[in-house]
Amino acid sequence: MPGLLALWVLHRMVRTQLEKAESFSIFLKHSSHFGAAEPWPENAALYQQLKEEQILLSDNASSLAVQAFLQMCNLPVRVICRANAEYMSPSGKVPFIHVGNQVVSELGPIVQFVKAKGHSLSDGLDEVQKAEMKAYMELVNNMLLTAEITHPRYGSPYPWPLNRILSYQKQWEVRRKMKAIGWAGKTLEQVLEDVDQCCHALSQRLGTQPYFFNKHPTELDALVFGHLFTILTTQLITDELSEKVKNYSNLTAFCRRIEQQYFEGHDKDSSAIAARSSKRPLLR
């Protein structure tokens with residue numbers, strides 16, 4: 001059974017998501033026109049920071065999650081790396097997509113934007129399953145995303161002294177976020193334990209199924225893939241984070257399955273796998 005912390009967090013999240021279901025449905029009715037006027041263009045673009053020199057582990061995972069989601073929806077997108085990507089984003093966060101005359105950032109809003117255009121991965125789920133899916137997504141964001149942020153990797157490509165200023169600014173932002181969510185005082189061992197509990201819960205939910213909700217992928221599958229694949233394939237100072245994920249063979253098999261089905265053999269310009277910053281294979 002998953003750890004008590006993960007179980008308690010999931011229980012609270014599912015209850016919260018169920019309570020929000022009715023108001024969320026009302027919101028969708030009012031926002032259903034958003035971005036629906038035009039079909040998905042062939043020149044849609046996804047923007048992120050420079051891979052080798054700049055992008056953080058957490059931003060790389062988020063970008064890969066969005067790319068996986070769009071691939072699962074069979075929507076083409078071209079990945080563009082820009083040093084000033086986060087300053088181009090309407091929310092100040094990456095990744096963001098430029099589709100027609102619309103610019104949308106981060107996975108959640110992008111999912112709603114794509115849904116308004118008639119593409120959804122979770123329409124086949126009932127309300128309880130949707131609440132469960134969102135609870136697991138929140139668990140991933142609360143634990144895996146936060147753990148990735150504690151391993152900052154940000155080398156500004158700008159010339160001195162701007163590179164120093166922007167690097168210090170990024171470090172300050174990370175420290176402020178860690179303090180706000182209560183992670184500032186956590187030791188590496190505590191962070192790794194949280195990651196292990198999250199992976200345990202995900203592994204239990206996945207079981208022997210190909211996807212978290214059986215035969216078809218949802219945005220949860222895209223999110224989990226983005227974070228786990230990034231952890232497994234990005235070269236860090238220590239392998240302790242990736243080793244926690246590798247303890248769950250069904251999760252590593254899940255990542256490999258999505259890599260093969262949605263990225264290998266696709267257009268190299270739009271493939272995050274072909275251009276990933278990792279120098280090592282997914283499975284040893």
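This is a predicted model: local features need pLDDT of at least 70, side-chain atom pairs count only at pLDDT 80 or more; totals for chains, interfaces and linings use all residues.
Student: What makes S1 and S3 a pair, and in which sense do they run?

Tutor: Strand S1 (residues 45-48) is joined by 3 bridges to strand S3 (residues 96-99), and the two run antiparallel. Since pairing asks for at least two bridges, these strands meet the requirement as well. Within this part of the sheet, Leu46 stands opposite Ile97 in S3.

Student: How many bridges hold S3 and S4 together, and what is formed by S3 and S4?

Tutor: S3 pairs with strand S4 (residues 102-105) over 4 bridges in the antiparallel sense, and Val99 stands opposite Gln102 in S4. The two strands form a hairpin with 2 residues between them, and in the turn Gly100 has a positive phi of about 65 degrees.

Student: What is the order of the strands in the sheet, and what is the pairing called?

Tutor: The order is S2-S1-S3-S4 in an open sheet of 4 strands, and the pairing is mixed.

Student: Why do S2 and S4 stand at the edges?

Tutor: Strand S2 (78-81) and S4 each have a single partner strand, so one side of each is left without a neighbour in the sheet. On average, and with direction ignored, neighbouring strands of this sheet are turned by 25 degrees against each other.

Student: Which strands does helix H2 touch?

Tutor: Helix H2 (residues 57-72) packs on the sheet and touches S1, S2 and S3, while its direction makes about 170 degrees with that of S1. Helix H4 (residues 107-116), for its part, lies across S3 and S4 and runs at about 140 degrees to S4.

Student: Why is Leu241 called buried?

Tutor: A residue is called buried when its relative accessible area is under 20%. Leu241 has 2% relative accessibility, and therefore it counts as buried. Leu241 has its place in helix H9 (residues 240-246), and its C-alpha atom is separated by 9.9 Å from that of Leu144, which is 97 residues apart from Leu241 along the chain.

Student: What percentage of the residues in the protein is buried?

Tutor: Of the 284 residues in the protein, 51% are buried.

Key
Residues are numbered from 1 along each chain as its sequence is written. Side-chain values use heavy atoms; hydrogens and water are left out. Buried means under 20% relative accessible area, exposed over 50%, partly exposed in between (1.4 Å probe, protein chains only). Axes are lines fitted to C-alpha atoms, for helices over the stretch in contact, and angles run from 0 to 180 degrees between N-to-C directions. Contact means heavy atoms within 4.5 Å.
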